[in-house]
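Biologist: I would like to learn how to read a model like this one. Can we go through it feature by feature?

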Amino acid sequence: MEPQAAIVVAAWTSFADSVQQQVCNTNSRRIGGSTAGFDGVQDLCSGGLATLTANFFLEKLLATLNKVHIKQFWKQYVSGLGEDVAEAEKLLSSSLQTLCTVVQHQMQLIRQLQQQMWACLGSAAQASSTAALVGLQQQYMRTAGAMLSNAAPCSMTDLLSQYFGAKLTEFSQANNPSGKDDSSDEGDNESDAMDMSRSPRPAVTVMGEAWVQRLRQILMHVRQLGLEGVSEEAYTAVVCQHLQNHLASHTKRVFDSPLLPAAQAYVAAVPLQFLRLLLSQKQGQCSLQQWQSRLDYYVYETVGQLRMTEMFDIVVDYPDSRPAVQDVKDSLAHTNLHRKFVAGFKQAIGERLLHAGAATSDIIEQYVSTIKTLREVDPTAVLLEAVAEDIREYLRSRRDTIRCIVTMLTDDSAGANPEAEGESLFEELKRTVADEGEDSDDEAETDEAALASAESWEPDPVDADPSRSARSRRMHDIISMLVGIYGSKELFITEYRAMLSDKLLSKIDYNCDREIRTLELLKLRFGDANLHNCEVMLKDIADSKRMNSSIRALPTVVTSPVRGRRQDPVSIAPLTSTVTSALFWPPHHQDTLKLPSQIQAMLDTYASKYHDLKAPRKLKWKPALGSVSLTIRVGGDNLDLNVTPLHATIIMHFQEQSSWKASELAKLMELAVPKLRMGAIFWINQGVLTESRGTAGDGVYTRVERLLEGGGNRAAKEAGTSLAPENEPPMASVQDMVRQDMAVYETYIMGMLTNFDAGMPLDRIHNMLKMFVVDPPYDKSADQLAAFLGRLVADERLVMQGDLFRKRSSAQ
């Protein structure tokens with residue numbers, strides 16, 4: 001062996017022995033004091049083995065740390081898991097301190113070796129070898145931390161999260177004046193959260209100096225072990241999860257108080273004060289401010305997501321849920337949750353509202369509440385535009401939508417209920433009319449308002465429909481959005497006209513004050529010309545009242561058909577009539593009905609007096625229209641009812657005989673048997689008639705001698721209330737009237753399709769009708785034409801293939 005090699009081998013042996021001795025000192029816990037230098041370092045560095053020496057020393061230290069000290073640390077920690085929290089914390093602190101002492105001693109050895117080797121490599125010729133020593137301590141700390149995490153019985157992050165979570169819970173409970181945690185009942189939690197609005201107290205004041213020192217000591221040991229990144233990940237997850245659980249426990253369907261102020265106060269009082277203890281001094285105040293910004297955003301995001309899951313219920317409870325609405329508005333203003341809000345809310349509406357089990361009136365009420373709520377959340381109406389289209393499209397598919405809207409819009413019964421004031425559509429109609437009146441008086445301030453609007457202008461959100469301006473979205477009020485579901489107001493006015501006629505024809509006392517008030521409001525909204533027919537209808541009622549008084553004042557003289565013989569006069573006292581102007585009223589159902597002779601005599605007498613008073617005019621009676629007030633005595637029971645002429649005629653025939661065959665009674669009343677049975681079912685439900693089968697299988701109706709127990713509406717009879725049978729409205733429906741209006745164009749449509757065998761699409765038919773039909777002028781919408789063509793398809797007059805309409809051939 002060469003002399004130089006022998007020197008290196010001897011130096012390596014000496015270095016290895018000295019390293020082993022230092023490691024043994026660490027294992028035997030003889031740590032502390034000064035340590036001697038490492039033997040053979042000078043010769044090894046001179047031989048060019050500086051890098052090998054440093055790596056060998058580092059591997060030796062890490063192997064000893066992993067096999068002895070880290071293993072002993074986890075064994076000691078696991079043995080103390082079954083103890084109480086305080087003892088487990090003490091055990092964790094002492095174990096970490098022992099492990100840190102070992103790590104610090106080994107770090108001291110590394111620094112000593114570095115200094116010794118730097119001294120040996122001081123010349124410029126050997127300066128390149130110093131690269132092996134740069135970062136030796138950082139490499140040791142990274143590897144030691146990885147070994148500690150890998151040897152853990154579970155994730156190191158989970159272990160630290162468990163510890164930080166327990167400490168944060170203790171701190172939160174100590175901050176809670178009532179001493180209750182987040183799992184306590186809802187009402188107590190809400191009051192406790194509001195108590196957090198006082199100025200935050202430092203952790204030392206709340207928990208004491210000893211509690212703070214134990215937490216900081218453990219955190220310091222964790223950092224010394226190179227686990228600062230793991231600890232940051234752990235307490236970040238703990239703080240966010242704790243805050244989310246706290247907010248969720250205080251949000252449980254509480255809509256009458258805002259959540260954000262209490263949540264922000266809680267963040268300042270608990271999580272931020274806790275983080276102040278965990279952040280190192282080098283991170284300082286700047287890091288705390290960053291944490292405050294992060295937690296503020298997290299609060300807005302969490303509260304926004306919690307409120308979004310309850311948005312449907314918030315809309316249902318509006319306006320009582322205004323505080324929750326404000327939470328949603330603030331959350332959306334500070335986050336980017338708009339698309340998630342729209343998607344979640346539309347899904348909830350589709351699942352809980354837009355289905356066959358929901359009444360149309362309930363859907364409309366929810367739609368109105370949605371409009372009011374989303375306009376508070378987003379004054380630009382972009383969210384409303386995105387959400388409302390599904391509701392509007394679904395309402396268009398329901399046949400009774402227009403009737404429900406008109407009923408709700410003209411129902412002023414909420415005025416008698418102070419609690420419902422301002423919530424009904426009738427109140428909304430009055431409010432919008434009043435607002436329009438105020439706007440017309442503010443023309444002098446138009447320039448100032450325009451200037452203020454220009455100064456506060458902001459661009460539309462990226463999700464906004466580019467085809468509509470922000471002004472057009474904000475200008476549409478609730479009434480306009482409801483009426484505009486079908487794209488025009490003609491259907492609304494037609495339906496209102498039909499409903500008004502039903503109400504007027506059912507009146508006995510001619511009292512139309514409420515209808516007149518409603519009509520005046522609608523005239524201010526839709527114009528006098530559109531509602532002229534309705535005005536004439538109300539005038540007919542007033543004229544009928546005066547005419548009825550005049551006819552009653554005329555003497556009644558009835559001459560018998562036998563010349564010279566007088567007949568007892570027929571009293572018309574129970575009879576009142578409504579004389580209508582046929583050109584201005586909606587078309588009536590052409591139902592025939594033969595009234596009893598005594599009733600027909602009253603009508604003839606009334607008509608004769610009218611002719612005497614209004615000669616040469618004559619009355620043409622509509623016997624199926626109107627209402628009849630009856631008092632029926634069955635046994636010892638009385639029924640006070642308000643029924644249609646059909647029902648009254650049926651029951652009056654049972655005064656003559658107690659039983660009738662259906663066919664005989666239908667022939668007597670000049671009705672179809674199914675129509676008769678529809679009217680008789682009402683009396684069967686009242687317990688006045690019974691139904692049976694005759695020998696020929698024909699239906700037989702029999703009058704009862706005592707009112708049947710359990711008969712329909714028995715409770716109402718005992719309460720003395722008046723009952724009105726459910727029946728078809730006397731006026732034709734809007735669909736029938738629209739169909740009649742479109743019928744005049746059927747000849748043109750059939751002629752066009754005869755000339756175009758290949759068929760024509762809807763838009764082309766619509767355009768050709770507008771160009772060529774002038775008498776009467778074609779003024780219908782494409783939707784109305786589509787509905788009419790669909791009816792022709794259903795009647796097998798046309799065939800629809802794809803988007804083309806063709807005339808049905810005989811082969812088809």
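Modeller: Let us start with one residue. His 221 sits in helix α9, which covers residues 209-224. Keep in mind that this is a predicted model.

Biologist: Is His 221 buried or exposed?

Modeller: Buried means under 20% relative accessible area. His 221 has a relative accessible area of 4%, so this residue is buried.

Biologist: Which residues is His 221 in contact with, leaving aside neighbours within four places in sequence?

Modeller: Four names to pick out: Ser 93, Leu 96, Gln 97 and Cys 100.

Biologist: Now the opposite end of the scale. How do I read Thr 309?

Modeller: Exposed means over 50% relative accessible area. Thr 309 has 64%, so this residue counts as exposed. Thr 309 lies in helix α13, residues 284-309.

Biologist: How far apart are Thr 309 and Phe 341 in sequence and in space?

Modeller: They are 32 residues apart in sequence. C-alpha to C-alpha, the distance is 8.8 Å.

Biologist: Let us zoom out. What does the whole chain hold?

Modeller: The chain has 35 helices and eight strands. It has 812 residues, and 42% of them count as buried. The chain exposes about 42,300 Å², with 51% of that supplied by carbon and sulfur atoms.

Biologist: What share of the contacts between residues at least 6 apart in sequence join residues at least 24 apart?

Modeller: That share is 73%.

Biologist: Next, helix packing. At what angle do α10 and α11 pack?

Modeller: Look at two values, the angle and the axis distance. Helix α10 (residues 228-250) and helix α11 (residues 260-269) pack at about 145 degrees, and their axes are 11 Å apart. The crossing of α10 past α11 is right-handed.

Biologist: Which residues make the contact?

Modeller: From α10 come His 242, Leu 243, His 246 and Leu 247. From α11 come Ala 263, Tyr 266 and Val 267. By class, this contact of α10 with α11 has five nonpolar residues, two polar and no charged ones.

Biologist: On to sheets. What is the general idea?

Modeller: Strands of a sheet pair through backbone hydrogen bonds, and the pairing is either parallel or antiparallel.

Biologist: How many bridges join β4 to β5?

Modeller: Five bridges join β4 to β5 (residues 699-703), and these strands run antiparallel. Arg 693 stands opposite Gly 699 in β5.

Biologist: Where does Val 688 lie?

Modeller: Val 688 lies in the loop between α30 and β4. Its relative accessibility is 2%, so Val 688 counts as buried. Val 688 and Arg 633 are 55 residues apart in sequence, yet 9.6 Å apart in space, C-alpha to C-alpha.

Biologist: What is the strand order in the sheet that holds β8?

Modeller: The order is β6-β8-β7, in an open sheet of three strands with antiparallel pairing. The edge strands are β6 (760-761) and β7 (798-801), and each pairs on one side only.

Biologist: How are the strands joined?

Modeller: Two bridges join β6 to β8 (residues 804-807). Met 760 has Phe 805 as its bridge partner, and Pro 761 has Leu 804. β7 and β8 pair over four bridges. Val 799 has Arg 806 in β8 as its bridge partner.

Terms used:
Residues numbered from 1 in each chain as written. Predicted model: local features only at pLDDT ≥ 70, side-chain atom pairs only at ≥ 80, totals over all residues. Heavy atoms only, no water. Axes fitted to C-alpha atoms, helices over the stretch in contact; angles between N-to-C directions. Left-handed = near helix turned anticlockwise from the far one by under 90°. Contact = heavy atoms within 4.5 Å. Nonpolar A, V, L, I, M, F, W, Y, C, P; charged D, E, K, R; others polar. Pairing = 2+ DSSP bridges. Buried < 20%, exposed > 50% of the residue type's maximum accessible area, 1.4 Å probe, protein only. Areas by Shrake-Rupley, 256 points an atom, 1.4 Å probe, with all protein chains shown as cover.
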